[in-house]
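Let's take a look at one part of a protein model together. Have the sequence and the 3D view ready.

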Number of protein chains: 2
Amino acid sequence: MSERKRVQLTALEGIPAVEPGDDLAGLIADSADRAGVSLDGGVLVVCQKVVSKAEGRLVALADVEPSDEARKIAEEDDKDPRHVEVVLRETVRVVRRGHRVLISETRHGFVCANAGVDLSNSTGEDVAVLLPVDPDASAARLRADLEARSGGRLAVVVTDTFGRPWREGLVDVAIGCAGIDPILDVRGSLDLGGRELLVTTNATADQLAAASGLLMLKDSGIPAVWVSGVEVRGDGGVAGTLRDPQTDLFR
Amino acid sequence: MSERKRVQLTALEGIPAVEPGDDLAGLIADSADRAGVSLDGGVLVVCQKVVSKAEGRLVALADVEPSDEARKIAEEDDKDPRHVEVVLRETVRVVRRGHRVLISETRHGFVCANAGVDLSNSTGEDVAVLLPVDPDASAARLRADLEARSGGRLAVVVTDTFGRPWREGLVDVAIGCAGIDPILDVRGSLDLGGRELLVTTNATADQLAAASGLLMLKDSGIPAVWVSGVEVRGDGGVAGTLRDPQTDLFR
């Protein structure tokens with residue numbers, strides 16, 4: 001049972017456009033300093049886009065030669081065939097396609113639109129921004145860099161914005177984390193009436209991601225949020241929390 | 001664009017076990033007083049279970065006669081046939097069944113395990129707790145009661161804890177809301193690079209629900225959370241944000 005009664009989220013502002021090779025930890029630490037936030041005892045939530053950019057996960061569309069399949073999909077869905085080509089390269093399986101939406105299973109096991117490949121033209125040229133190769137490792141590296149810099153202890157959650165079946169609107173979900181157990185497992189503990197809670201597992205990392213999404217709006221220029229007041233315990237990446245395809249009723 | 005840079009969530013504690021006919025607004029307002037929270041200019045997030053109990057959405061399992069179908073499913077899945085019977089009565093369509101899980105489409109249009117029917121024995125007898133008949137109306141009534149009492153302006157979000165396809169762990173989602181637009185629509189606005197954001201719609205009510213889930217853990221006795229620092233604008237229920245089955249790739 002958590003003893004915490006208050007959770008606070010602080011937007012980390014003024015982080016400039018991130019480019020490959022940038023010291024993301026340094027940019028975040030500087031922003032935290034300006035916000036008067038001590039990066040200790042809480043969770044740093046950061047959006048995938050700046051992590052991917054810092055890691056150079058960019059493909060200039062001018063360099064992409066679309067395959068026949070990409071051209072066909074692009075024509076049917078009125079999309080840029082070079083974007084579709086990059087999406088297909090990041091896709092291990094097309095889960096659904098229709099209504100101009102392509103739902104991919106990525107090589108990480110995420111199920112999301114366009115394999116998580118966003119388009120950006122922040123540098124003046126059309127660029128595809130791919131998900132990190134290993135978002136849990138990205139989170140772990142950022143955590144180590146921030147801890148080395150601050151001397152504190154913290155967790156890191158890397159988020160992306162996914163749609164969901166059945167419900168309109170996007171929510172931020174965790175695609176990588178470090179220094180926190182992404183699932184808070186309360187199986188076997190008792191509810192207030194003494195009934196055993198057999199299957200209650202809270203997706204803590206996803207809750208943190210969604211909460212931070214309240215501040216990390218797409219047009220806000222806020223790529224990171226500091227969360228204090230949550231119990232940071234355990235460890236383990238997001239990769240281990242994807243459902244086993246064998247027991248997933250929706251693959 | 002939001003001007004808010006800090007979001008705070010405060011657990012509302014000490015709310016006793018709720019029974020049919022209880023004045024839920026009064027219990028919440030008293031708890032807020034004790035926490036030093038002014039219920040004005042923010043969002044009251046409350047879990048479905050206490051709303052349903054106050055509304056008397058309870059069925060004593062002792063009074064339930066299971067159908068043949070319920071008995072068959074219960075035997076196959078090792079469940080209480082009376083619980084399965086109540087689930088089937090709340091289900092307009094079984095979306096998936098397997099691995100001892102029954103995914104329902106409820107009469108509201110929600111897709112969730114067991115049609116959202118929980119079991120409780122907090123009163124010493126086995127009781128099924130159903131979702132509210134109209135969770136948006138529940139939120140609107142609670143909002144009106146709280147505003148009349150406090151003289152303030154607030155939004156209300158009613159949440160339940162749902163599983164998701166593809167990812168382990170539960171997150172809280174909004175099943176009803178009032179006084180806030182459940183979707184923050186930024187379609188047509190520009191990102192920092194000048195690219196038009198064609199389809200970015202943030203599921204604000206679901207983000208608020210998931211955020212509050214960080215404090216409303218099942219064994220914590222915290223059925224409500226006050227959220228300040230979010231922009232409360234617009235209006236409209238959750239019912240209008242469920243995907244049209246005609247364009248939903250996962251029905």
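How many bridges pair strand S5 (residues 101–106) of chain B with S6(B)? Three, and the two strands run in the antiparallel sense.

## Before we go on

This is a predicted model, where local features need pLDDT of at least 70 and side-chain atom pairs count only at pLDDT 80 or more, while totals for chains, interfaces and linings use all residues. Residues are numbered from 1 along each chain as its sequence is written, with chains lettered from A and ligands numbered from 1 in the order in which they are written.

## The sheet

In chain B, three strands make an open sheet, ordered S4-S5-S6, with antiparallel pairing. Strands here are DSSP runs (E, at least two residues; helices are H or I, at least four), numbered from the N terminus, and two of them pair if DSSP finds at least two bridges between them. Strand S4 (91–98) and strand S6 (111–113) of chain B are the edges, each pairing on one side only.

## Two helices crossing

Now for helix H1 (residues 24–35) and helix H5 (residues 135–150) of chain B: their axes come within 9 Å and cross at roughly 50°. Axes are lines fitted to C-alpha atoms, for helices over the stretch in contact, and angles run from 0 to 180 degrees between N-to-C directions.
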